[in-house]
Amino acid sequence: MKTMQIQLEDSAHHLLERLAAHSGMGQQELVETVIYSLLDGVRRPGSWERHLVDSLGLDPRNEEYHQSYDSLLSSWGYK
């Protein structure tokens, strides 16, 4: 596992805390879930995840994306 430190504005951190508490997840688990959802969402045209990935300029057709996606599926026990 790798460690990453992120800095958030106080208001964003407060929202993260509230979302995590409401979802029953820890903050780390919530962030990981959002990341995994983004990766998985590109399979569904019209999904909010697909729209967000497109707006970030990421191309789900490129090899680097597919390697990340394949790695994600493996970590979930698929493939």
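Predicted model: local features only at pLDDT ≥ 70, side-chain atom pairs only at ≥ 80, totals over all residues.
The protein has 4 helices and 0 strands. From the N terminus on, its elements follow the order α-α-α-α. The protein has 79 residues, and 20% of them count as buried. Its accessible surface is about 6500 Å². Carbon and sulfur atoms hold 54% of that surface. Among contacts with a separation of 6 or more, 26% join residues 24 or more positions apart.

Helix H1 covers residues 10-23. The end C-alpha atoms of H1 are 20 Å apart. This agrees with the 20 Å that its 14 residues should span at 1.5 Å a residue. Gly-24 follows H1 and has a positive phi, near 85°.

Helix H2 covers residues 27-41. H2 has 15 residues. From first C-alpha to last, H2 reaches 21 Å, close to the 21 Å expected at 1.5 Å a residue. Its buried residues are Leu-30, Leu-38, Leu-39, Asp-40 and Gly-41.

The axes of H1 and H2 come within 9 Å and cross at roughly 90°. Angles of 65 to 115 degrees count as roughly perpendicular, so H1 is roughly perpendicular to H2. On the H1 side, the contact is made by His-13, Leu-16, Glu-17, Leu-19, Ala-20 and Ser-23. On the H2 side, Gln-27, Leu-30 and Val-31 take part. By class, the contact of H1 with H2 has 5 nonpolar, 3 polar and 1 charged residues. Leu-30, which belongs to this contact, is also one of the buried residues of H2.

H2 also meets helix H3, which covers residues 48-55. The axes of H2 and H3 come within 7 Å. They cross at roughly 90°, and the two helices are therefore roughly perpendicular to each other. H2 contributes Ser-37, Leu-38 and Gly-41 to the contact. H3 contributes Trp-48, Glu-49, Arg-50, Leu-52 and Val-53. By class, the contact of H2 with H3 has 4 nonpolar, 2 polar and 2 charged residues. Leu-38 and Gly-41 take part in this contact and are among the buried residues of H2.

Glu-49 lies in helix H3. Glu-49 has a relative accessibility of 7%. Buried means under 20%, so Glu-49 counts as buried. Neighbours within four places in sequence aside, Glu-49 is in contact with Ser-37, Leu-38, Gly-41 and Arg-44. Ser-37, Leu-38 and Gly-41 are the residues that H2 brings to its contact with H3.

Terms used
Residues numbered from 1 in each chain as written. Heavy atoms only, no water. Axes fitted to C-alpha atoms, helices over the stretch in contact; angles between N-to-C directions. Parallel < 35°, antiparallel > 145°, perpendicular 65-115°, else oblique. Contact = heavy atoms within 4.5 Å. Nonpolar A, V, L, I, M, F, W, Y, C, P; charged D, E, K, R; others polar. Expected span 1.5 Å × (residues − 1). Buried < 20%, exposed > 50% of the residue type's maximum accessible area, 1.4 Å probe, protein only. Areas by Shrake-Rupley, 256 points an atom, 1.4 Å probe, with all protein chains shown as cover.
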